[in-house]
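Subject: Structure for you to look at

Hello,

Here is the structure I said I would pass on. Please open it beside this message and follow along, as my notes come after it.

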Amino acid sequence: MASVVEAAIVTGAAQGIGKSIATSLLKQGYKIFIFDLDSNLGQATAKDLCQKFGESKATFIKCDVTDKEQFIGAFNEAVKTCGHISVMVNNAGIADEFNFEKCIAVNLIGVIQGCNLAIDHMRKDKGGIGGTIVNVASMAG
Ligand SMILES: NC(=O)c1ccc[n+]([C@@H]2O[C@H](COP(=O)([O-])OP(=O)(O)OC[C@H]3O[C@@H](n4cnc5c(N)ncnc54)[C@H](O)[C@@H]3O)[C@@H](O)[C@H]2O)c1
Ligand SMILES: CC[C@@H](O)/C=C/C=C\C[C@@H](O)/C=C/C=C/C=C\[C@@H](O)CCCC(=O)O
């Protein structure tokens, strides 16, 4: 029987904690989708991870988690590529004490949107096969 490659989305994985989470998931055999608004860094990170873990193991998809349509489009693109997302990590976050509206948009609404997309996709009562959602939080929300 062919082995099934599990896939995970990690938001804000172009660098920092998100990149570390993506690396950890790759070590466990997951295929990774990096959702980030930084295209240059996101592409460089995907290239770096593919060199370490294998061609097409890491894919960058440009996505601003505060842009609902872009987030839906990116999520659908990942699903179309791999069929099923087993793990959704809502990691993208900012700390900007001078712009609380943006903090709420990224750290709260972006996370809720990521949860909603993953739940709709994973829920067994709607034809999904389950999965895991991880939300990264901080004192900034
Ligand atoms: N660094 C810390 O000490 C610390 C502590 C506690 C919690 N956290 C949380 O960990 C998470 C990651 O933090 P980090 O330190 O790795 O941050 P970071 O700044 O190193 O990386 C964050 C990434 O998120 C991306 N991003 C920002 N806004 C985005 C958006 N709207 N849509 C998509 N991507 C976006 C950035 O481009 C960047 O690549 C955040 O949720 C943060 O709140 C960090
Ligand atoms: C204040 C840091 C955290 O709340 C949110 C960070 C989001 C993105 C900015 C990142 O690039 C920089 C982080 C710098 C962290 C500095 C100090 C941390 O040790 C404080 C962590 C405590 C916490 O937020 O839970």
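Leu 117 lies in helix α4, which covers residues 100-122. Helices here are DSSP runs of H or I with at least four residues, strands are runs of E with at least two, and both are numbered from the N terminus. Leu 117 counts as buried because its relative accessibility is 11%. Buried means under 20% relative accessible area, exposed means over 50%, and partly exposed is in between, with a 1.4 Å probe and protein chains only. Met 88 is 29 residues from Leu 117 along the chain, and their C-alpha atoms are separated by 9.2 Å.

Before the rest, some notes on the source. This is a predicted model, in which local features need pLDDT of at least 70 and side-chain atom pairs count only at pLDDT 80 or more, while totals for chains, interfaces and linings use all residues. Residues are numbered from 1 along each chain as its sequence is written, chains are lettered from A and ligands numbered from 1 in the order in which they are written, and side-chain values use heavy atoms, with hydrogens and water left out.

Ligand 1

Which residues come nearest to ligand 1? Of the 20 residues around it, they are Ile 17, Asp 36, Asp 64, Val 65 and Asn 91. A residue is taken as near if one of its heavy atoms lies within 4 Å of the molecule. By class, this shell holds 10 nonpolar, seven polar and three charged residues. Ala, Val, Leu, Ile, Met, Phe, Trp, Tyr, Cys and Pro count as nonpolar, Asp, Glu, Lys and Arg as charged, and the others, Gly among them, as polar.

Taken alone, ligand 1 exposes 830 Å², and the protein buries 70% of that. Such areas come from the Shrake-Rupley method with a 1.4 Å probe, and for residues only the protein chains shown count as cover.

Val 65 is found in the loop between β3 (58-62) and α3 (68-82). Its relative accessibility is 9%, so Val 65 counts as buried. The C-alpha atoms of Val 65 and Asn 90 are separated by 9.2 Å, and the two residues are 25 apart along the chain.

Ligand 2

What surrounds ligand 2? The residues are Gly 93, Ile 94, Ala 95, Ser 138, Met 139 and Ala 140. The protein covers 32% of the 550 Å² of accessible area that ligand 2 has on its own. Four residues of this shell are nonpolar, two are polar and none is charged. An N or O atom in the side chain of Ser 138 is 2.8 Å from an oxygen atom of ligand 2. Met 139 has a backbone N or O atom 3.1 Å from an oxygen atom of ligand 2.

Other residues

Is His 84 buried or exposed? His 84 counts as buried, because its relative accessibility is 17%. His 84 has its place in the loop between α3 and β4 (87-90), and its side chain reaches the backbone oxygen of Gly 130 at 3.3 Å.

Helix α2 (residues 39-53) holds Ala 44, and Leu 41 is in helix α2 as well. Ala 44 is partly exposed, with a relative accessible area of 41%, and Leu 41 counts as partly exposed at 30%. From C-alpha to C-alpha, Phe 60 is 8.9 Å from Ala 44 and 9.5 Å from Leu 41.

Ser 56 is in the loop between α2 and β3. Most residues other than glycine have a negative phi. Ser 56 is not a glycine, yet its phi is positive, at about 65 degrees. At 47% relative accessibility, Ser 56 counts as partly exposed.

Regards

Conventions
Polar contact = N/O pair within 3.5 Å; in protein donor to acceptor, adjacent residues only side chain to side chain.
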